[in-house]
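Subject: Handing over a structure

Dear colleague,

I am passing on the structure below, together with notes on what was found in it.

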Amino acid sequence: MADGIFGHPIRRLFWSPPIFREWSGSTALMDWLESPTAHIFKINVPGFSKEEIKLQLQEGNVLLVRGEGEEGNNKREEALSKDAVWHLAERGAGGKGEFAREIQLPENVKVDQIKAQVENGVLTVVVPKDNSSKQSRVRNIAISSKL
C-alpha cells in the first residue's frame, strides 16, 4: 500500500528525467551540456580505464555506457597486508566495481559521428547535432466521403 498513488510508473514520471532511463546507483554521475553544434555528456568514471568502459548505441537512439572494473585491486591490497588489521574498507565494498547508464539521445543527432574520450576519471561523449532542416512532421490528410 505504500506505493499506492505514487507507485513505480508514476514515481518515475515525477522524479526521474526522461533522458535517464536507468541508473544503477553507482558513482557514475553525469553532466549534460548542449552547445549549438553538439550534446556533450561528462560522466564520472574514477578508476576505470578506456578498456574497461563500453559504449554501445542501441535501437531508438539509446546510448548505453557500461563500466566493468577489475575486482583484483582489493585482493592485491589484502594480500600485501595479511598481518594488518582492517578498521574500515569502503572503497571495495560497493560490489564488483561495475556501473551501467542508459541515455536516451535527442532526435536531432548524428549517431554515426559520436566521439568519446576518458581523461582523469571523466568520460566525455560528444554527440554532434544534425542541424539540417528536416521535413515537417505535420502533414495534411485529405478527407473523402468513401474509404
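What percentage of the residues in the protein chain is made up of buried residues? Buried residues make up 22% of the 147 residues, where buried stands for a relative accessible area under 20%, exposed for over 50%, and partly exposed for what lies in between, with a 1.4 Å probe and protein chains only.

Two remarks on the source come before the rest. This is a predicted model, in which local features need pLDDT of at least 70 and side-chain atom pairs count only at pLDDT 80 or more, while totals for chains, interfaces and linings use all residues. Residues are numbered from 1 along each chain as its sequence is written, and side-chain values use heavy atoms, with hydrogens and water left out.

The overall picture

The protein chain holds two helices and eight strands, taken as DSSP runs numbered from the N terminus (H or I with at least four residues for helices, E with at least two for strands). Along the sequence these elements follow the pattern α-β-β-β-β-β-α-β-β-β. The accessible surface of the chain is about 11600 Å², and 53% of that surface belongs to carbon and sulfur atoms; the areas come from the Shrake-Rupley method with a 1.4 Å probe, and for residues only the protein chains shown count as cover. Of the contacts (heavy atoms within 4.5 Å) between residues at least 6 apart in sequence, 58% join residues at least 24 apart.

The strands

An open sheet is formed by four strands in the order S2-S3-S8-S7, with antiparallel pairing; two strands pair if DSSP finds at least two bridges between them. Its edge strands are S2 (30–34) and S7 (115–119), each of which pairs on one side only. Within this sheet, S3 (residues 38–44) and S8 (residues 122–128) are joined in the antiparallel sense over seven bridges, and Asn 44 has Val 122 in S8 as its bridge partner.

Elsewhere, S4 and S5 (residues 62–68) run antiparallel and are joined by six bridges, with Leu 57 standing opposite Leu 63 in S5. These two strands make a hairpin with three residues between them, and Gly 60 in the turn has a positive phi of about 80°.

The aromatic pairs

Two aromatic pairs were counted, under the rule that rings of Phe, Tyr and Trp (its six-membered ring) pair if their centres lie within 6.5 Å, and that planes under 30 degrees apart are stacked, over 60 edge-to-face and the rest tilted. The rings of Trp 32 and Phe 41 are stacked, because their centres are 5.8 Å apart and their planes stand at 15°. Trp 32 is partly exposed at a relative accessible area of 36%, whereas Phe 41 is buried at 0%.

Phe 48 and Phe 99 form an edge-to-face pair, at 5.2 Å centre to centre and 85° between the planes. This pair links distant parts of the chain, 51 residues apart, with Phe 48 in the loop between S3 and S4 (53–58) and Phe 99 in S6 (residues 98–104). Phe 48 is buried at 15%, and Phe 99 is buried at 5%.

A buried lysine

Lys 129 lies in the segment after S8 and counts as buried, with 11% relative accessibility. Its side chain reaches the backbone oxygen of Ser 35 at 3.1 Å. Leaving aside residues up to four places away in sequence, Lys 129 touches several others, among them Glu 34, Pro 36, His 39 and Asn 108.

With kind regards

Definitions and conventions:
A polar contact is a pair of N or O atoms within 3.5 Å; within protein, one must be able to donate a hydrogen and the other to accept it, and residues adjacent in sequence count only if both atoms are side-chain atoms.
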